[in-house]
Every structure is written in C-alpha cells, then in structure tokens.
Amino acid sequence: MSERFFPDSMPAPLASATTLPWWEAAAEHRLVVQRCTSCEHTRHPPAPICPECRSGESDWKEVSGRGEVYTFTIVHRPIAAGQELPYLVAVIALEGSGGLRIISNLVGVDPGEVAIGLPVEVVWEEMSADLAIPRFRPVSEEEPR
Amino acid sequence: MASNGIKDRVAIVGMGCTPFGERWDKSGEDLLVDAAKDVYASANVEPDAVDAYWLGTMGSGTSGLMLSEALKLPYKPVTRLENMCATGSEAMRNAAYAVASGAYDLVMAIGVEKLKDSGYSGLVTSRPPDDGTSASMTAPAMFSLLAPAYAKKYGVDEGELKEVISRIAWKNHCNGAKNPKAQFRKEVPMERIQNSPRVAGMFGIFDCSGVSDGSAAAILCRAEDAHKYTDSPIFIKALSFAAGPAEGAYSQDYDFTTFQEVVASAQDAYGQAGVANPREEISMAEVHDCFTATELVLMEDLGFSARGEGWKDVLGGRFDGDGAQPVNPDGGLKSFGHPIGASGLRMMYEMWLQLRGEAGERQIAEPKLGLTHNLGGQPGRCVSFVSIVGK
Ligand SMILES: [Zn+2]
C-alpha cells in the first residue's frame, strides 16, 4: 500500500524518449541516475549527452534513495489548482550518486522541523498504476541534525 | 568566454517606454503602438526611416507579424524573438549587431508583454507539462532557495537577512515613487514589507516583482551617424550574453549563492568595455530584481560587492538612489513592474534618461557608465545579459 501526499489533479509527468527509463525504474520503486558509459560521470535530470565528455552513451545506476536536505523552501501559494498549502520543496543531495541532487517534495514532516542537513529517504507515491513519484521524508531512526 | 565586442560602434539615438502596470485599457498591440510613437519622436524619425525591427515578447504574440501588423509596416524585416525574462535585452543585442555589421543603417528594438489579461496571475508559458524528472516550481519558490543558502554560507542570521532583503524592496519602492511611469509609485514602510504575507520561504508579497503590462523601445544606428538624430546619443560599450548548461540545481558543486551565468556575462562585458573595477567604474545599474534576494546575489556576481559583503553594502545604503552606486534608480522590476519582453529595454530607458540628465527627481549626479543586467530562468539554470553604456 502506497501512501498518498498530493491530489490526483496534479499535472502528470510526460516521459520523453530520454527520460522513459527513469520513469520505468520509478514505477518499480527504484531511484536511478543516468551514468555516462565513456567517463562514468553521472547526471540528473536525464539528458541526451554527458556534460563532462559529451558522449551520448549511457546506462542507469540505482542509488539508495537516501540523502540530505541541501536547501529547501516552504511554498505558500499554489502552482496548480487543488493543492494543499503550504507544501515543502527541497534540494536533496543524493547519497552514492556521484555528486547529484534531486529536487522533490518533503512529506511527513512539520515545516518547522526541516533544516539544512536533515537526513532523508525516498518514499514512493503511487499516483496511478504505472506512475510512481519519488518524494522524501526524514529518515525514521535518526534524530534531525 | 570569447567575444570581440562592438565598443563605441553603435549608438542609441532614441528611446520610448509606456507606463507599466495593469493596463486593462490597452492590448499588446496598443502598447506596441504607444512605445513606437514615443521612440520615433525621441529619435526624430518617421517610421519609414527605420530599416529593420526586432520584437521581443515571451508569450504575448508570435512572429514579426505582431509588430508589422500593429505598426502597419510596409514589408520591412521584422524578427520576433524570445529569451525568457531577458527577451527585451536580446532584441536590443541583435538589433545592435545588425547595424554594426552594416546590413542596416537604422533599426528598432521593441519589447512588449501583456500579462494582465491572461486569466492567470504570474507568468504564462507555452511549455507542456513538465517531464517531471526536473522540478516544476513556482518562480518565487525557485528564487527563495537563495536566501537560506546565502545566510548559512556567510553566517548571517536569518532575521538579519530578512531585514536585508526587505531593505532592497524598500529602496526600490522609494525609487519607484519618484517615477511617473512605474507600476507602484508608493513608498512602503520597512515594517509593512517585513510583515507582508509569505509567498515562498523567506519571501513575502513585497519581495516579488510586479506582474505588469508594458512596452519599451530603442532606435539604434552606427556611432558615426548618431548626431544626425540627436545631440546627446548614448553609446554601447559592451553587450554580453550567457546561457548555462543548466547543471546548477542538480550538481553538488553549486551552492545557491551565485548565478554562474551572470558572472560569465559580467566578466565578458567588463572585458569588452575595459572596466577593471566595476565597484568604482560603474556609476549606476539597472539589474534583474525579480525577487529581492536576486538583487542581493547580483551585487556580488556583478562585482559591485565582495563575496559575502553584499548584505552589508545593502544595509549601508550603497545602492540607494542617493548612494555611492545607485541600483535600480527607476524602481526596478519590483516597483516599475516586469512586463517580460519589455523589461530589458525599460532598463536601458533609465540609462538613457540618466546619461542625458533627463531623470528628473531621480537624477544621479554626473553618471559616466551605466550597466543593465537582465536574467531569465532560475538559480542554477538561466540565461544572463549584461550591457554597459556611456556617453
Ligand atoms: Zn562522459
């Protein structure tokens, strides 16, 4: 059973040829980053060529889904209809990703308790049968730093 | 970054600008007609004298027809272009290169945006729903990420930083109060700014620029022809543009206290103009204060303040209308308003007035070099324009 945090009315992502493998992994609750097969440099979001060596060859590396909050903001005004406010947006430094960050929502945490450096882990929100979106919540066992 | 520049080869010989604001009485085409009439009169030319046109609009129209139809131009070359919030500056940059090349003798750059009849508050975009692997965020949310990062890096207490950004809004409202064409012509007390309803992160309503309708325009020619049109032309010393690889927000190398694109375009512009010390040599600037924290970071990226020192210069009044280096003397995006395609040309309009001694109550004493800075995008993923102009 997947937990739900955002309404069905949120605009749904539209995968492109470049990002389809990322969304297919997400549907299996696997968080992946794209990796250049020429120079091993990782990148996110998925893109056709490597920013380091400009090679077009790549594969996908699974990461743990753990990380920490690099910075964050609390949004008090909606971007789409039917959103609950406020909501949290965070830039998360992903563990084991080769120095990548992802921008996502923080869920299951009071805005007052979020701080830079907070350890977080991925939680998959199943928006529909074949669409899962990664959100992040504080790591349960640890106290926020 | 390599560029040869066109220092002192191109002159601006006329400028026009409509009042910015909620112009329910005007369509985009009406605003273009008003700005064009103003700029033709300013340059003392008939419409037929202008050889080619560059129209900047982010989303209020498509193709050169928007302008040729509004102005009833007789089969002239009209290019419509878009480069996010730097669209107006990009129109001027391309028009300047066209006369510098010799392809045309007299050209117009004109920008317009009609945001208020879109049925939507804020920016409209023609993009499809985001792919979702990159973030889809509100503009205030994206730029609000700058504030806590800056506070932490330089050891500024968040309460103190709130005062710094509020003072930027206060300053830009003081300047806009003296500007008859500005959208918001009222001084606002610091306390009201600091306590305004929150929008995102540390930002309240008063940390955000105005959503507006408006148009602005320039007529340009080669420097040697300038005095045919006006006794006091202004000359382009530098034009620079940088589009980044958009790695910033997703790379652990980036710390949200700078725009690398701004640093690159500023350094290129200073090289073209021969400016060694911008803090001392740039008399005044119009910068892209889409949000208050953006203006703070820009002071450091443009080299007006040392890294980590910009907040002290803000509190010390260095960038006030009567300060050592006035920034946004016309009220900026905050108070003059931000009709996207027009904003870059509106910035240049203030440089035009200031350098010619026509800025009235806002006049800066003996300005030598003026800088405009126009930004499109968000921290870590943006385009940046810098110009330097002088007499
Ligand atoms: Zn590579």
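At what angle do the axes of helix α5 (residues 146-153) of chain B and helix α10 (residues 292-301) of chain B cross? They cross at roughly 45° and come within 9 Å.

## About the model

This is a predicted model: local features need pLDDT of at least 70, side-chain atom pairs count only at pLDDT 80 or more, and totals for chains, interfaces and linings use all residues. Residues are numbered from 1 along each chain as its sequence is written, while chains are lettered from A and ligands numbered from 1 in the order in which they are written.

## The helix pair

Axes are lines fitted to C-alpha atoms, for helices over the stretch in contact, and angles run from 0 to 180 degrees between N-to-C directions. Helices (H or I, at least four residues) and strands (E, at least two) are DSSP runs, numbered from the N terminus.

α5(B) and α10(B) are therefore oblique to each other. Angles under 35 degrees count as roughly parallel, over 145 as roughly antiparallel, 65 to 115 as roughly perpendicular and the rest as oblique. From α5(B), B:Leu146, B:Ala147 and B:Tyr150 make the contact. From α10(B) come B:Ala293, B:Thr294, B:Leu296 and B:Val297. Contact requires C-beta atoms, placed from the backbone, within 7 Å.

## The two domains

Chain B is divided into domain 1 (10-117 + 213-234) and domain 2 (139-207 + 236-390). The bounds come from an automatic or database domain assignment. The domain centres, taken over C-alpha atoms, are 24 Å apart.

Domain 1 of chain B gives 36 residues to the contact, and domain 2 of chain B gives 35. On the domain 1 side, the elements giving two or more residues are β1 (10-17), α3 (87-100), β4 (106-114) and β7 (213-222) of chain B. The largest share, eight residues, comes from α3(B).

Notes: Contact = placed C-beta atoms within 7 Å.
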